[in-house]
Amino acid sequence: MNWESPAAFFAMGGYGLYVWGSFGVCALLMIAEPILASKRRKDILRSLRRERIAENLDQQ
Amino acid sequence: MLTATGLSCVRGERRLFAGLDLAVGPGEWLHVQGENGAGKTSLLRILSSLAPPAEGQIFWRGAPIRELAEDYRREMLFLGHHGAVKEELTPFENLLLAAQLDGAPLDETEALGTLARFGLRGREDLAVRFLSAGQKRRVLLARLAVRKATLWILDEPFTALDVKAVDMLSALIEEHLAGGGMAILTSHQSMPLPNGKVLKI
Amino acid sequence: MNAILAVIRRDLLLAMRRKSEVLTALFFFVIVVSLFPLGIGPEAALLKKIAPGILWVAALLATMLGLARLFAPDHADGTLEQMVLSPTPLGLLITGKIAAHWITTGLPLVLLAPVLGIQFDLDAEALGILVVALLLGTPLLSLIGAIGAALTLGVRGGGVLLSLLVLPLYVPALIFGAGAVEAHISGLGAGGHLSLLAALLALAVFFAPWATTAALRIALE
Amino acid sequence: MNNKIINWFKYASPQSFYPLAGKMIPWFWALAAIFGGIGLWITFFAAPTDFQQGEGYRIIFIHVPAAWMSMFIYIVMAGWAALGLALNTRLSGMMAQALAPTGAIMAFLSLWTGAFWGKPMWGAWWVWDARLTSALILFFLYIGFIALQAAIDDPRRADKAGAILALVGVVNVPIIYFSVKWWNTLHQGASVSLTKAPTMAATMLWGMLIMALAFWMYSIAVALTRVRAIILEREAHTEWVKELPEVKGTGQ
């Protein structure tokens with residue numbers, strides 16, 4: 001194990017800004033992208049459901 | 001002989017027409033009718049091989065036009081909404097250059113004669129942009145007359161033509177049909193030409 | 001072959017009737033090149049070093065200028081439809097159009113470049129290599145650019161999109177073209193650069209008309 | 001033989017691919033999480049400190065997989081594009097469209113992490129290093145692809161135009177890469193290379209490979225999620241979409 005304390009882990013031997021700057025942005029994008037992609041599907045599903053309800057109303 | 005079976009056309013999400021059959025034989029012409037947006041132009045573009053049909057097949061003398069490709073295009077002439085006339089060039093140059101691109105160069109006497117026939121005598125050396133809308137259409141008609149094609153596909157050929165030019169075009173089509181040619185056209189007016197069939201979409 | 005010549009003749013005739021378009025691109029080239037020293041300073045050694053790069057970047061931009069109008073007028077008046085429907089194979093007609101584009105925009109740049117090169121104190125041999133590099137490179141620009149012009153034909157915001165699509169693809173031409181002159185100035189010899197540029201040109205002559213043709217058919221469907 | 005082709009086409013239809021993708025997505029997420037977990041453990045705990053670059057080199061564990069994926073996704077995208085042009089299958093274009101944003105993000109990540117690695121190592125956020133420069137151009141190619149597709153309204157035309165662009169791009173990527181490398185060596189650019197940096201220890205190689213697998217699984221999962229949305233958007237008015245449980249309101 002490399003790290004003596006959590007503080008040392010976060011300091012990354014003085015490279016903290018660079019290491020966490022890289023991993024942070026990477027994590028951020030990899031969380032945001034799937035959320036946006038599934039939101040896109042939910043949006044279209046919602047509008048399709050709405051259309052279906054409207055069609056049912058027309059038929060009545 | 002042009003035949004088509006089961007043609008359908010889809011624009012975006014909308015299906016314009018489906019299961020369309022048609023046949024045009026030598027000396028016959030087909031009048032495509034329909035409301036605005038019914039897909040008349042789309043049909044003509046499909047028949048001219050500009051756009052592929054969503055379904056169905058088109059045959060020229062029994063062979064699919066997809067396979068014939070250049071052999072079909074050599075025997076077919078399509079005139080769309082746009083004139084394919086270059087504004088910067090004179091009618092004479094337009095006629096000669098169009099013929100050269102089609103690989104069938106035209107001799108100058110014939111070109112001049114045809115222009116004269118369509119009432120463009122004295123306008124041969126004037127850039128097309130100085131001509132009136134009706135005169136521009138006449139340049140197109142001249143093209144129709146010089147290009148040797150068996151099948152004419154004309155989209156609204158009568159727009160922007162005066163009475164005299166309408167007669168000229170009718171005579172041209174009649175002459176073409178009498179010589180064993182075929183024509184498919186869209187038009188809002190009815191036309192007193194023999195051997196016509198009507199296709200409503 | 002006749003068809004290619006016919007298209008070239010036609011496009012040159014059209015270019016003659018609207019000279020301003022050709023001249024605009026040419027003056028643009030001259031002005032852009034002349035602006036660099038004003039932005040950088042008159043230090044002769046530095047200018048000499050960056051001259052090939054400046055001339056090449058300016059050539060790329062000047063080529064871009066006319067590219068959007070390569071197919072647009074023919075598309076607007078229906079001539080392009082007729083070309084697609086012509087019994088002549090579309091690939092030949094398109095090759096002719098690309099050749100005409102090069103003659104009206106690329107070739108004048110090649111001829112003008114040595115004059116501008118003198119302003120940057122390039123010696124005779126460097127100027128010679130600049131001309132050869134541009135002679136090989138500008139047709140490449142026309143060929144690659146034609147693909148982009150065909151893809152963006154009739155598309156919303158086509159002009160800006162065109163530069164976004166085409167400029168990244170111009171990178172190899174820029175590197176080998178400007179590199180040839182630089183390599184010569186630094187005494188390395190320009191042979192390698194020039195032969196790579198020629199190889200790219202050969203590849204593009206083979207590939208680009210095909211891609212352009214396919215893109216045009218799609219645009220007209 | 002004939003049967004096989006028909007089977008293929010069955011799964012190539014959006015209608016049958018939509019539920020199939022739905023079933024596959026959780027598996028790819030699970031794999032991505034597992035590989036990601038192991039990869040991160042190796043990155044931060046198993047891999048020793050580098051004697052030359054200190055802890056900063058750990059960035060390489062995400063930089064290299066991102067760079068690999070950005071190139072790989074472009075090739076896959078071009079493959080789908082070619083398939084779409086050759087066979088005229090609807091799904092191909094949708095797959096290409098679904099992959100492009102993920103590829104662009106990977107290219108962006110490789111640039112971003114490259115810059116964050118470069119600052120402490122080279123003393124500058126950006127160096128005109130051959131790899132960084134080609135990654136930048138690859139990023140532009142992705143943006144061009146996405147912009148072209150967004151600018152064309154008719155989805156069929158957008159697919160085909162995008163396909164041609166992707167194919168032209170894939171021919172050019174090696175040429176661009178080679179030319180940039182040539183340009184870089186000629187100009188005596190950066191002397192430290194990003195990947196060859198320290199001698200590759202076995203743990204490092206393993207860490208990188210496992211991270212690459214995690215990125216791979218992630219890309220597949222997110223592309224499948226996106227392609228499901230695209231399928232629904234494009235096929236919105238077909239019967240099968242109207243009969244989907246999630247549209248009828250009985251599902252979810």
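Author: Two residues are in contact if their C-beta atoms, placed from the backbone, lie within 7 Å. By that rule, 26 residues of chain A are in contact with 32 residues of chain D. This is a predicted model, in which local features need pLDDT of at least 70 and side-chain atom pairs count only at pLDDT 80 or more, while totals for chains, interfaces and linings use all residues. Residues are numbered from 1 along each chain as its sequence is written, and chains are lettered from A and ligands numbered from 1 in the order in which they are written.

Reader: Which chains share the most contacts?

Author: Chains A and D do, out of 4 pairs of chains in contact. The side of chain A that touches chain D has 15 nonpolar, 6 polar and 5 charged residues.

Reader: How do you know what separates chain A from chain B?

Author: No contact joins them. Their closest C-alpha atoms lie 15 Å apart. Chain A and chain C have no contact either, and there the closest C-alpha atoms lie 24 Å apart.

Reader: How many residues of chain B are in contact with chain C?

Author: 21 residues of chain B meet 23 residues of chain C. On the chain B side, helix H3 (70-75) and helix H4 (91-101) each give at least two residues. H4(B) supplies the largest share, 4 residues. By class, that side of chain B has 9 nonpolar, 6 polar and 6 charged residues. Helices here are DSSP runs (H or I, at least four residues), as are strands (E, at least two), numbered from the N terminus.

Reader: What makes the crossing of H4(B) and H6(B) right-handed or left-handed?

Author: A crossing is left-handed if the near helix is turned anticlockwise from the far one by less than a right angle, and right-handed if clockwise. H4(B) and H6(B) cross in the right-handed sense. Their axes come within 10 Å and cross at roughly 35 degrees, with H6(B) spanning residues 133-146. Axes are lines fitted to C-alpha atoms, for helices over the stretch in contact, and angles run from 0 to 180 degrees between N-to-C directions.

Reader: Which residues in H4(B) and H6(B) meet?

Author: H4(B) brings Pro91(B), Asn94(B), Leu95(B), Ala98(B) and Ala99(B). H6(B) brings Val139(B), Ala142(B), Arg143(B) and Val146(B). The set divides into 7 nonpolar, 1 polar and 1 charged.

Reader: How do helix H6 and helix H10 of chain C cross?

Author: The axes of H6(C) (residues 90-119) and H10(C) (residues 191-220) come within 9 Å and cross at roughly 110 degrees. H6(C) is therefore roughly perpendicular to H10(C). The label covers 65 to 115 degrees; under 35 counts as roughly parallel, over 145 as roughly antiparallel and the rest as oblique. On H6(C), the contact includes Leu90(C) and Ile94(C), and on H10(C) it includes Trp210(C) and Leu216(C). By class, the contact has 6 nonpolar, 4 polar and no charged residues.

Reader: What makes Asp121(C) buried or exposed?

Author: Asp121(C) has 12 C-beta neighbours inside 10 Å, so Asp121(C) counts as exposed. The loop between H6 and H7 of chain C holds Asp121(C). Phi of Asp121(C) is also positive, near 65 degrees. Most residues other than glycine have a negative phi.

Reader: Where is Gly37(D) found?

Author: Gly37(D) is in helix H2 (residues 14-46) of chain D. Gly37(D) counts as exposed because 12 C-beta neighbours lie inside 10 Å.

Reader: How do you know the pLDDT of chain D?

Author: Chain D averages 84, and 88% of the residues score at least 70. pLDDT is the predictor's confidence in each residue, from 0 to 100. Over residues 188-194 of chain D, pLDDT stays under 50. Where pLDDT is low, the predicted coordinates should not be read in detail. Chain C has a mean of 91, and 100% of its residues reach 70 or more. The model scores ipTM 0.88 and pTM 0.89.

Technical notes
Ala, Val, Leu, Ile, Met, Phe, Trp, Tyr, Cys and Pro count as nonpolar, Asp, Glu, Lys and Arg as charged, and the others, Gly among them, as polar. A residue is buried if 20 or more other C-beta atoms lie within 10 Å of its own, exposed if 12 or fewer, and partly exposed in between; C-beta atoms are placed from the backbone.
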